[in-house]
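Below is a short note for a colleague who is new to this entry. The points are numbered so that they can be checked one at a time.

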Amino acid sequence: MSYRLSALSRTLRAAAARGHDATPAPVRRVLARPAAHSAALLVTATALLALWGPLSYNGYVLQLVCLYAVATLGLNITTGYAGALSLGQGASFAIGAYVTAVLVVSHGWPIWAALPVAALAGLAAGALAGFPAGRLGAIGLAMMSLGLMLVVNDMLIQFQSVTGGNNGLAGIDARLWFGGEPVSTPWVVAIVIVVVASVSYWLHARYRTSRLGRATVAVRDEPIGASALGVSGYLTKVVAFAAGSALGALSGGLFSFLSAYISPDAFSSNLSILFLVMVVLGGSGSRLGPVVGAVLLVLIPLRLDAYPHLNNLLYGALLIVLMRLRPRGLFSRTAAPAPQALRDLAATPEVEVPERAPGEPILKVTDLRRSFGGVDALGGVSMELRRGEIVGLIGPNGSGKTTLLNVVSGHYPPTAGRITLHGTDLGGLGAAAVAKRGVSRTFQTPKTFPGMSIEEHLALPAVHGERDEAMRDACRRGALTLLELGGLDPHDPAAGTRESRVMSHGQLRFLEAAMALGTCPEVLLLDEPAAGLSAAEIEGFERVVSDVAAAGVAVVIVEHHLDMISRLVDRVVVLDLGTVLWEGEPGDLHSVDSVRAAYMGVA
Ligand SMILES: Nc1ncnc2c1ncn2[C@@H]1O[C@H](COP(=O)(O)OP(=O)(O)OP(=O)(O)O)[C@@H](O)[C@H]1O
């Protein structure tokens, strides 16, 4: 037997070394599905309940684990997916518990009506808290959410006429109809708890793979890069707060039914900390982690009750050891699949590239200024950009090139001056809003999302507004070529599931540019795209830029490679000390004395 086991483990290790496990692919795909986990949770919990009975001690603990898991899954959306450290999940739990208790005890509501209302109350409270919280940093957010927990706890005591004050509310029985008799069997509550836990797991996993979930994770990983693709960091955080709080409140509602009696003692700030520890220990941002965290942190203290004098010490020491061994929690975050993005991209038809012919002006910058303290990074820049035109923006270090891109793309507000796209003012709009109007960009250091797969990156950008078919296809074809240049085969699903954290700098550059083209921009701003690329890669990149410009995309390219500028652009703008020093055709660049002096150091 031991020989067989070691042979099996050798086979598994060898398979792992080859990059896959021994489980057949279709079985692996089914096992990876959230619905499979959800069904397994439902079947296992129901079987255990049948074995132990819902009124037994074990049955009670199982129901407690399941309902706590609902709260931790919610907190995982807020803290794990959105990266917003919240100490307020206990407040949502309390709100849900009390809304349920009041509806049931004072108004005779049935369980199926009280629980959704509790979840809605949590959703509303989460959204209200999310509006100010969405703008706070990690520490501010933790403080605010903790404050919320304390306020809610105090309100439970103060609003005595509704909440029963310190005495709490008793008689929280499950009914099937409004004003009906309480059901006599504990199975109704037990089954509702198990089903809600299982469905919550599925919803929480679907959230991660949805467009909203992808946007949420992108904002967590790289908020500036996400905003350049039109994703509003603020809104994704508010929604994550609301969704997480709704599950927290639903969990509180289940707790009311399980306990049949609640009082403010059960909702101290320790509860929020417990939920957070469950999520962190299980693996914040992972799919299964919050459930495992709930299981462990309910069971471990119960086991330690056998050592009454040592239980706190052992509990604390165990947490320290576990976090030391697995600092990111027991389960790791994994990228979510988005195979459709690759399939769509790979199916883009071949496009015929027309002659490049710049058209009418679309972007206009007038007397644009931007200062940082006493430094005038832009001291009154005016320029126009035509449809289908490629403009090279060059100048010495510190001349304001990146600042100009940052201001035009909405990452910095201008100090003065105007930016218009098709005559509409862009000044004052945030980066996400500017991106949605058709201005896309790349950064000097590529801004990609380490926790997301390549296919997820490609599923993130969306086209906002009208674009003609040829331009769309040219952008998609360009994105496809960029991926191929980066050695990423869009026809190979295995390549798409790789996380961007393991990619080389050059690959990240191509991936970022492919995402920028994924928005099918009217204006594409490229900040030193050739840095770190080989001559062959630069040549391929130039071809893509030239092709999308021929389809009508207007391109501004900041670059120190003057050879590339001379080959590629229609017009060069030279910046010096935040102002336009010279503007003209690339062929004339070397013959202008002022440019030679400022940029090339030639007197
Ligand atoms: N966020 C900021 N805070 C303070 N000063 C800034 C900021 N961004 C830019 N600057 C300053 O503005 C000036 C222009 O910087 P910018 O990065 O736009 O130049 P650049 O032409 O892009 O330079 P490089 O070629 O080195 O990238 C510099 O003096 C820089 O120090």
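How do the residues of the shell around the ligand divide into nonpolar, polar and charged?

1. The model is predicted. In the shell around the ligand, three residues are nonpolar, seven are polar and one is charged. The residues concerned are Phe372, Val375, Ala377, Gly395, Asn397, Gly398, Ser399, Gly400, Lys401, Thr402 and Thr403.

2. Two elements, strand 4 (375-386) and helix 17, each contribute at least two residues to the shell around the ligand. Helix 17 gives the largest share, which is three residues.

3. Helix 17 covers residues 401-408 and lies across strand 5 (390-394), strand 8, strand 9 (523-527), strand 10 (554-558) and strand 11. The helix runs at about 145° to strand 9.

4. The strands that helix 17 lies across belong to an open sheet of six strands with mixed pairing, in the order 8-9-10-5-11-12. At its edges are strand 8 (439-441) and strand 12 (579-584), each of which pairs on one side only. On average, neighbouring strands of this sheet are turned by 20° against each other, direction ignored.

5. Strand 5 pairs in the parallel sense with strand 10, over four bridges, and Val391 stands opposite Val556 of strand 10. The pairing of strand 5 with strand 11 is also parallel and also spans four bridges; here Ile394 stands opposite Val574.

6. Is strand 5 largely enclosed or largely open? Five of its five residues are buried, so strand 5 is largely enclosed by the rest of the structure. In a regular strand, side chains alternate between the two faces of the sheet. For strand 5, Ile390, Gly392 and Ile394 lie on one side, with Val391 and Leu393 on the other, and both faces are covered.

7. Strand 11 (residues 571-576) and strand 12 run antiparallel and are joined by five bridges. Within this pair, Asp576 stands opposite Thr579 of strand 12.

8. A separate point concerns Ser286, placed in the loop between helix 13 (269-282) and helix 14 (289-304). Ser286 counts as buried because it has 22 C-beta neighbours inside 10 Å, the cut-off being 20 or more. Apart from its neighbours within four places in sequence, Ser286 is in contact with Gly329, Phe331, Ser332, Arg333 and Thr334. Ser286 and Ser332 are 46 residues apart along the chain, yet 5.6 Å separates their C-alpha atoms.

Definitions and conventions:
Residues numbered from 1 in each chain as written. Predicted model: local features only at pLDDT ≥ 70, side-chain atom pairs only at ≥ 80, totals over all residues. Pairing = 2+ DSSP bridges. Axes fitted to C-alpha atoms, helices over the stretch in contact; angles between N-to-C directions. Contact = placed C-beta atoms within 7 Å. Near = placed C-beta within 6 Å. Nonpolar A, V, L, I, M, F, W, Y, C, P; charged D, E, K, R; others polar. Buried ≥ 20, exposed ≤ 12 C-beta atoms within 10 Å, placed from the backbone.
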